[in-house]
There are 2 protein chains.
Amino acid sequence: MKYLAKVYITLKKSILDPQGRTVERSLHNQGYASVLNARVGKYIELTFEGDRSKIETELKDIAENILSNPVMESVHWDLEQVEQQVH
Amino acid sequence: MKYLAKVYITLKKSILDPQGRTVERSLHNQGYASVLNARVGKYIELTFEGDRSKIETELKDIAENILSNPVMESVHWDLEQVEQQVH
């Protein structure tokens with residue numbers, strides 16, 4: 001069974017996000033005054049094949065310990081099945 | 001009314017993603033053999049204040065023309081209300 005994991009990584013609220021500030025200012029300069037704030041993060045798609053419960057364990061480990069830095073970043077993820085086994 | 005827009009930007013399927021390939025190889029080297037593929041993209045959170053229909057128009061323009069490169073990237077987004085006006 002194939003699964004698609006979507007991992008979202010953002011800087012923690014308390015961490016200054018200079019890239020987000022730049023996006024925010026650039027949007028203001030282009031006339032988008034209704035934008036109050038911008039934060040830039042990472043979005044990672046992982047395709048897995050195997051048993052769901054094993055994948056869930058691996059995914060938690062990968063997302064929390066490999067893809068993100070727990071000191072500065074928050075991470076969350078979704079896991080969805082992408083392919084039904086049809087016979 | 002305040003709204004939170006979540007913008008997801010990924011490289012198009014046909015575009016080689018060296019950063020994703022590196023993540024994939026690194027995960028394999030660490031024993032995560034069930035990972036078939038990794039793609040790395042951007043995740044941008046924008047906070048808006050104002051009228052929803054105006055924000056939707058602005059957000060489409062910002063996401064498609066400013067935050068992403070339509071030649072190489074695909075973009076999609078969600079918009080949700082974050083603050084209820086309570087009297």
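In this predicted model, 97% of the interface residues of chain A are interface residues in chain B as well, so the two copies meet through the same surface. In general, two copies of a chain are related by a rotation about an axis together with a shift along that axis. Here, chain A is superposed on chain B by a rotation of 180° with 0.0 Å of shift along the axis, and the RMSD of this superposition is 0.0 Å. Such a relation is that of a two-fold axis.

The strands of both chains take part in an open sheet of six strands, which follow one another in the order 3(A)-1(A)-2(A)-2(B)-1(B)-3(B) and pair in the antiparallel sense. Strand 3 (73-83) of chain A and strand 3 (73-83) of chain B stand at the edges, and each has a single partner strand, so one side of each is left without a neighbour in the sheet. From one strand to the next, the twist averages 20°. Within chain B, strand 1 and strand 2 form an antiparallel pair over eight bridges, and Y8(B) stands opposite Y43(B), a residue of strand 2 of chain B.

Two helices of chain B lie across strands of this kind from both chains. Helix 1 (residues 18-29) of chain B lies across strand 2 of chain A and strand 2 of chain B, and runs at about 125° to the latter strand. Helix 2 (residues 52-67) of chain B lies across strand 2 of chain A as well as strand 1, strand 2 and strand 3 of chain B, and its direction is at about 150° to strand 3 of chain B.

The largest pocket holds about 250 Å³ of space. Of the 18 residues that line this pocket, V40(A), G41(A), K42(A), G41(B) and K42(B) are the closest to its centre. At least two lining residues each come from strand 1 (2-11), helix 1 (18-29) and strand 2 (35-49) of chain A, and likewise from strand 1 (2-11) and strand 2 (35-49) of chain B.

Key:
Residues numbered from 1 in each chain as written. Chains lettered and ligands numbered in written order. Predicted model: local features only at pLDDT ≥ 70, side-chain atom pairs only at ≥ 80, totals over all residues. Heavy atoms only, no water. 1 Å grid on protein atoms, 1.4 Å probe; cavity = no way out; pocket = protein on both sides within 12 Å on 5 of 7 lines; lining within 4 Å. Points joined across faces, edges and corners; volume = space filled by probe spheres on them. Helix = DSSP H or I, 4+ residues; strand = E, 2+ residues; numbered from the N terminus. Pairing = 2+ DSSP bridges. Axes fitted to C-alpha atoms, helices over the stretch in contact; angles between N-to-C directions. Contact = heavy atoms within 4.5 Å. Least-squares fit on C-alpha atoms with pLDDT ≥ 70 in both.
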